[in-house]
Amino acid sequence: MDPASRSVDTGIGELLQHPDYSEGTYTMPNMTTLESVNCYAAALDFLARRYCRSDNRYGRISHWIMHNEVDGGLSWTNMGVKPVTIFSDTYIKSMRMCYNIVRQYDEHAEVFASFSHSWTDISNVGWYTSKDIVDLLNTYSRVEGDFQWAMAYHSYAQSLFNPCTWLDPDATYSMDTKYITFKNLEVLNKWALSKENKYKGTVKRSVWLSEAGVNSPTYSDEDFQKQAAGFAYAWKKINALEGIDGIQWHNWFDHPGDGACLGLRKYLDATYNGEAKPVWYVYQKANTEEEDEYFEQFLSVIGISDWNIIEKF
């Protein structure tokens, strides 16, 4: 949600901007006054009515990802500097409001909480940890009544610039790991399959890697191979873990705003014209009859002999 200074309608922007917003790309919605709450609810209701129609006239939204990387609230969902409990209280209100509105139009729609790859460590100064907010989500669900929220996790490599995610030093096979990356998706899988984390203790919450990818630091053949190997490695992990439901790769094309070349294709400019990178062909072969043969070339890049890479712990 844009702060008022960047809103097309500044009056609405002032209503929706959190009163303690201080900096960052986006603001936490204002949940402190009845007028602001009703304005926010009306906007959500408009979107739900339009994009959850039975005839799909305007397209469809089935995954409602609420805000972005909320462990980085200072940057992405700003409401000033707050203890994690105060921040999470407001965030959960926003999620539950969306859930209650959208489910009136589509009983199968899912509302996702969005997190970066930081689990028990912080990605940047002033951020929270993902696990602290996730644990609070569970606590609030038990106390106030559970709702079927889901997980939208951004399992980037520990360093966004290093495509060799299988070497991430602080992505360990501990439930208190500092980071969850492609290397240790087993931790997220175990979290999802644990009874205490399921909806009402019985229904697994959806877990999507809703923004994730690996970088090609340069356009050299070596870096292209490492990026392609990074996707092959991630794909084999995702397919082997029943708790992980899917991935949305970021990005389709390399984009200057990302700060890293995460695309399946090169820059969409006059020089490169969006030419496919090697990783694009790996993505194409995934989940086809050609996967096993095509993926074999990346075993030596990773330094393993086969794809038996799932850790039991």
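Which residues in helix 7 meet which residues in helix 8? The first legend answers this for the predicted model.

**View 1. Packing of helix 7 against helix 8 in the predicted model.** Helix 7 covers residues 221–240 and helix 8 covers residues 278–285. On the helix 7 side, the contact is made by Phe224, Gln225, Gln227, Ala228, Phe231 and Ala232. Their partners in helix 8 are Pro278, Val279, Val282 and Tyr283. By class, this contact has 8 nonpolar and 2 polar residues, with no charged residues. The crossing of helix 7 past helix 8 is right-handed.

**View 2. Packing of helix 2 against helix 4.** Two packed helices are described by the angle between their axes and the distance between the axes. For helix 2 and helix 4 (residues 84–102), the axes come within 9 Å and the angle is roughly 45 degrees. That angle makes helix 2 oblique to helix 4. The two cross in a right-handed sense. Helix 2 contributes Val37, Tyr40, Ala41, Leu44, Asp45 and Ala48 to the contact, and helix 4 contributes Ser94, Met97, Cys98, Ile101 and Val102. The residues of this contact are 9 nonpolar, 1 polar and 1 charged.

**View 3. Packing of helix 4 against helix 5.** Helix 5 comprises residues 130–144, and its axis lies 10 Å from that of helix 4. The angle between the axes is about 60 degrees, and helix 4 and helix 5 are therefore oblique to each other. This crossing, too, is right-handed. From helix 4, the residues in contact are Val84, Thr85, Phe87, Ser88, Asp89, Tyr91, Ile92, Met95 and Arg96. They meet Asp132, Ile133, Leu136, Leu137, Tyr140, Ser141 and Glu144 in helix 5. By class, the contact of helix 4 with helix 5 holds 9 nonpolar, 3 polar and 4 charged residues.

**View 4. The largest pocket.** Rolling a probe the size of a water molecule over the atoms shows where empty space is left. The largest pocket contains about 400 Å³ of space. Its lining consists of 20 residues, and those nearest the centre are Glu69, Trp76, Tyr156, Leu160 and Glu211. The lining of this pocket divides into 7 nonpolar, 10 polar and 3 charged residues.

**View 5. The second largest pocket.** About 200 Å³ of space lies in the second largest pocket. Which elements each supply at least two residues of its lining? They are helix 2 (34–51) and strand 1 (63–66). The lining residues are Met1, Tyr40, Ala43, Leu44, Leu47, Ile61, His63, Trp64, Ile65, Met66, His67 and Cys98. By class, 10 are nonpolar, 2 are polar and none is charged. Tyr40, Leu44 and Cys98 are among the lining residues, and they also take part in the contact between helix 2 and helix 4.

**View 6. Backbone at Asn56.** Asn56 is found in the loop between helix 2 and strand 1. Its phi is near 55 degrees, a positive value in a residue other than glycine.

**View 7. The peptide bond between His250 and Asn251.** Is this bond cis or trans? The bond that joins His250 and Asn251 is cis, with omega about 20 degrees. Asn251 lies in the loop between strand 5 (246–249) and helix 8.

Definitions and conventions:
Residues numbered from 1 in each chain as written. Predicted model: local features only at pLDDT ≥ 70, side-chain atom pairs only at ≥ 80, totals over all residues. Heavy atoms only, no water. Axes fitted to C-alpha atoms, helices over the stretch in contact; angles between N-to-C directions. Helix = DSSP H or I, 4+ residues; strand = E, 2+ residues; numbered from the N terminus. Left-handed = near helix turned anticlockwise from the far one by under 90°. Contact = heavy atoms within 4.5 Å. Nonpolar A, V, L, I, M, F, W, Y, C, P; charged D, E, K, R; others polar. 1 Å grid on protein atoms, 1.4 Å probe; cavity = no way out; pocket = protein on both sides within 12 Å on 5 of 7 lines; lining within 4 Å. Points joined across faces, edges and corners; volume = space filled by probe spheres on them. Parallel < 35°, antiparallel > 145°, perpendicular 65-115°, else oblique.
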